[in-house]
Amino acid sequence: LPKPVNITLSTVLEFDFALEEKAESHNICLDDDQEYATNGNVRCFRLAGTENSGVRDFDLDDIAVDATKHYKVPVGLYYTGFVHYLAFIQKSSADAGKGISFFKNIKIYEEEPPSFSVSLSTTNRLDPQDITFNTINQVKYGTYGHADNFLSVDENGSVVTTGYVWKAFPFPEDVPLVVTHETMLDVDLEVSDEAGSHGICLDEDTSHRNARRCFQLRGAQSCSVCVKMDATDENKGKQHFSIPVGNYFSGNMTHIAFFQGDYRAPKEGHATFSNISIYSEVRPELRIKLNGVHTLLPHPQLKYQGSQDKGDNFLEVSPDSKSITATGNTYKAFALPAPIYATTDMVLDFKFHLEENAEFHGICLEEVLDGDDHCVYVAGTQVHGADVVLTRTNEPDREFRIPIGQKYTGTIKYLAFVLDYDADLTGGNATYSDISIFKNPALDIDVRGTTMSLTGQMAYGGGVDSLFNFLDVVQPKMVTLAGNIWKALPFREPITITKDTIVQFDYEIEEEAEIHAICLDEELSNFKDPTRCFHLGGTERISLNDYHTLGIVKTQEGQHRSYLFRIGRYFTGTVNYLGFIHDNDANRYAGSSTFANFKIDEPVSCLKRSTTFEFPVDECTLETFLAGVQGQLNSLECSNTPMVELMAFFNVDHDHDVVEKIDTICSSAYGAVNLPFDQVTLDEYQFYEEYFDGGTTWNYGTETADGNYVLDEDAGRVAIIKQLASTRGISYPEKTHNFEDCDLRAVTCCWVADRQGNDSGGTCDAVGCNDADPEDNSDLCYVDFTRSQRSSHVRDGYSIYGDGEEGPLYCRGFAWGNAFGHADSALKGNTLFHVAMLDGLYGHGYVEEVPGAPMCGCVEQMPVATRADCTKLSATQSVVVKFESALDLFTAKVSIENVSYANCEATGGNNDLSAYYDELVKDGKATADEKARLDKILVGVGNCDTAISDFLKTKGFAYSQTE
C-alpha cells in the first residue's frame, strides 16, 4: 500500500468479485506483512474455491462460477491494527493454470458502523426509550456459531443474520434491564433462507450457561437450550412474536443475543429481526378465596413435578382474574402468599370447564414442588394411579367441592395445575374458575340449650365411606349430603342419653339414595346391639338389626319432614359421635339430602305448672292448636317449642303421637255434636251400606201410578237431615266397607240410572221411570272387581268398556286434606250425605251402580273412569280449646253456624275432582305421589285406551282397539 492503513472497528473493505473458473481457493487479504497467516494471525477472506475453508481464512459467502458479487466486509470486526499490503490469492496447486477471477472497484475506507435500536419501556409501553446497539459491539455468545459470521444491520435498522451465527450485544451500563414476571419481548422475524433454528435471547452474560434464556422462533432443529415458541410453520413471511419472558426467568439481564443456523451447514440461513421491543405488561394474577378472603397469587408460574413439566406451556389467567386455563402439556404451580395448614375439614371448591380432553386434568395442593402426593384428577382419557381420581364423565362443565382434608392434612405452600398430554404436547384445554380453599364450617347443634359446634368429620361404619364425599355445612345449623357418605362428627364432650332424652331435627331428601339414616354412637364402627342408627328413608330393604324403624316415619324423595322422638326409649348411655349415613353403592355420587336444626334435650313440661286457660280458633287443626299452646308458653316464659312441650306433657315418644293426641282432642269437639250416620236413614248400618253398594229400595224402587215407591216419601228422611246438617256435623261411616281405607282421602259416586222425573238432571221426565239415564259427564274405562270384593261379592274379575260403551254415566265426588280439624275433613260425613243422598238421590233421582263396583266409595274402590264432578264444603264455625289445670286435660268444643256446598273451584278446571286435588297438593294438603295415584283412577278425558292397555298388560294381554 502507498502508506500503512490503520484498521479500526469502523474500517470497511468494499469490492466486486467475478468468478469465471474456480480454483482451489480465491482470497483477498489486508495484512501487515507478506506472510500468509503468520503465527496464526488470519488476515485473508475466502470468497470461493474447491477446497474447504481452512483456519487461515475468514470464510465469506461462497460465489458460483460465472457470477459477480459485491462485497462490503467490516474488516474491523475481524481484526484491527496497521496493515501494509493488499494481497490476492488464487490457489491451484494441482493445476497451476486453472482459475480465472476478477477483482474490481476495491475501496478501503472508514464508515460509521451500522446500529439497531430496541424499544425499552417499563409499564404497558408508556414512555418508551430507544436503546441503540452498534454492530461493532457484538461478541461471541456461548460456544455456538461460526467464528467468521457476524450480524449485520440493513438500511431499515433491522438485525440481519447470515449463516451459523450466535452473537450478543451488551446493554448500556446506564440502562439496566430487570426482567420481572411482567416483562414482555416483542419481535418481528422474517426468514428468507430457512436454517435449523432462528431465535433471540436475553441473558445475564455471554456464557450461555443459564439455560432457557433463549427463544427459538423458527426452525425444525431441536434446540435443547431454548424455549421453543409456537411458530414452526414453513411460512417465510414476516411473523410477529410476543414472548412473556417473565414466565420463564427473572433477574438482571446484561445482553441481548441472536442466533441462527446449524453447525453442520454454517453458511445456510438468512433472516431479519425487526421492531424489537421490551416492556412490562401488567398481566392479571389469579384470584382465589382462602378461608373466605379474596387472595391474589402472584407470578411467576413455577415448574411443578420436575421432568413432567415441558416448560414451554403456561397457564393463562382471565382478565377478571377468576379463571385460569391450561393448554398443552402443563405442570405449573403458584406459591401461596403464606403457607396454610390443611385440617380434616379443609375443602377445595372450583368450577371446571373441559374444552379439549387430554390424558388427565388435575388440581393439586402441595408443600413442595416435586410432590404429586396431593392431587385430585377430574377428567382425562387415562387413569392416574398415584392419587385420588374423582368419577370422571368428561362432561364439559362441572362443579367440584372436594373435602381435600379427608385425603391429607399438613402444610400447603403451592396451588398447582396439571394437564398431562405426552402424546400431543400442545393438545388439551381446560379452565378452572372460582377456586376457593376453606375450612368446612362447624355444624352447630343444640345440646340441652347450649350450642355445640362440631368439626373434624371422619369415616363412620367401617370401610363403606366414599373418601371424597363429605358433610357439606352450608349454614351453621344445616348440613348437606351428596353421594355415598358414611361420616361422623365427634361431640366436643360425651353426651349422656337418658330415658327422657329427645332428639329433634329437620330432614329433606332431594334425590333418594339407598339408605338414609342418622346415628348417635359411642364409637365409629357402627356395630352395636341395639343399633344406634335410625332409618329415615331410602330405596333399599334394610335389616331391622341395623336400624331402628319402629315409630320412625319415612321421608320420601322430594319431601321435607321434621323429626322429634324420644331417643331414650331406644337406648341409653354415653355417645361420642353424631353419625350420618347416606348409602348409595350403585352410584356413589348420586343422592342428596339435608339435615338441619339438630337438638338434644330432656324437656320438662311447663303446662304442668299452668293454670286453666283456653283459646278460640276457627278450625281446630294442628297449626292452630300449637299456636294456642305457644301463647300460653310465652306467658309462662317457657323455652319449649309447642311440639316439644306437648311431647313432655302427654309423655309420648314421637311427634306423630302428639299429632294423634291433638287429632283426638279436636275430633272430640265434633263427636259431641255429630249426628251418627245411621240417624240419616233411621235404619241399621246394613241399610246404608247396601245403599252405597247400589241396593235397597232407594235404588231399585220405581214410583208407580198407585203411589208406591215415591222417592219423596221413601227417602223423606233426607229432607229432614238436610235441615239438621246445616248446623250440625254428620259422622263419617268409616267402619262401612266402602269407606274404610280412603288413603287418598277422596270419595266418588257413579250412577247409571235416573228414577226421578221433573228435576234438573237425567232423562227421566215422568212418573215411573225404570230405564232412564242420568246426565252423562264421564266415560267408563274398566272395572277391576278385586278393588271392591265386598261390594261385588266376587273375588276377582274385570269388565272392559271404553269409548262410551257403558252408556250415560254420571260421577261426582269430593276430597279433603291430610290435616285433621279443617272443615273439609271434620265434616266429610256431611259432604258424603250431600253428594250421595241429598243431591244425587233426592235432588236428581240418580241410582244404581256400575256392575262389579260400589255406587259410592273411596276412590280406590271405584271404577276407572275419565273424570268426576266435584263438591266442596264450607262451614262457618268456631272452636274453643280449653286446658283444665286440675285435670291436666285438654278439651275442645265446636259451634257450627252454617254448612254449605258448592262446586269446586280450581286453576285446572272448575267442578272437576282431579283439578281440585291439584289445589290440595299446592296447599300442602296432599302429596304429588297421591295425585299420581288418583290419576290412575280418574285418568282424564281421552285416556281410557291407555288405562285399559296398562291394565290388560297386568293380565298378560295386549290391548288392540277395533273398528
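## Aspartate 888

Aspartate 888 sits in the loop between strand E59 (869-884) and strand E60 (889-903). The model is predicted. Phi of aspartate 888 is positive, about 50°, although the residue is not a glycine.

How exposed is aspartate 888? Its relative accessible area is 29%, so aspartate 888 is partly exposed. Partly exposed runs from the 20% limit for buried to the 50% limit for exposed.

## Glutamate 848

Glutamate 848 also has a positive phi, near 70°, and is a residue other than glycine. Its place is the loop between strand E56 (846-847) and strand E57 (856-858). Relative accessibility is 28%, so glutamate 848 counts as partly exposed.

## The cis bond at proline 300

Which residues does the cis peptide bond join? Histidine 299 and proline 300 are the pair, with omega about 5°. Proline 300 belongs to the loop between strand E26 (293-297) and strand E27 (302-303).

## Glutamine 216

Glutamine 216 is part of strand E19 (residues 214-218). Is this residue buried or exposed? Its relative accessible area is 1%, so glutamine 216 is buried; the cut-off for buried is under 20%.

The side chain of glutamine 216 has a polar atom 3.4 Å from the backbone oxygen of arginine 218. Leaving aside residues up to four places away in sequence, glutamine 216 touches several others, including Gly196, Ser197, His198 and Gly199. Gln221, Ser222, Cys223 and Cys226 are also among the residues it touches.

Note on methods. Residues numbered from 1 in each chain as written. Predicted model: local features only at pLDDT ≥ 70, side-chain atom pairs only at ≥ 80, totals over all residues. Heavy atoms only, no water. Helix = DSSP H or I, 4+ residues; strand = E, 2+ residues; numbered from the N terminus. Buried < 20%, exposed > 50% of the residue type's maximum accessible area, 1.4 Å probe, protein only. Polar contact = N/O pair within 3.5 Å; in protein donor to acceptor, adjacent residues only side chain to side chain. Contact = heavy atoms within 4.5 Å.
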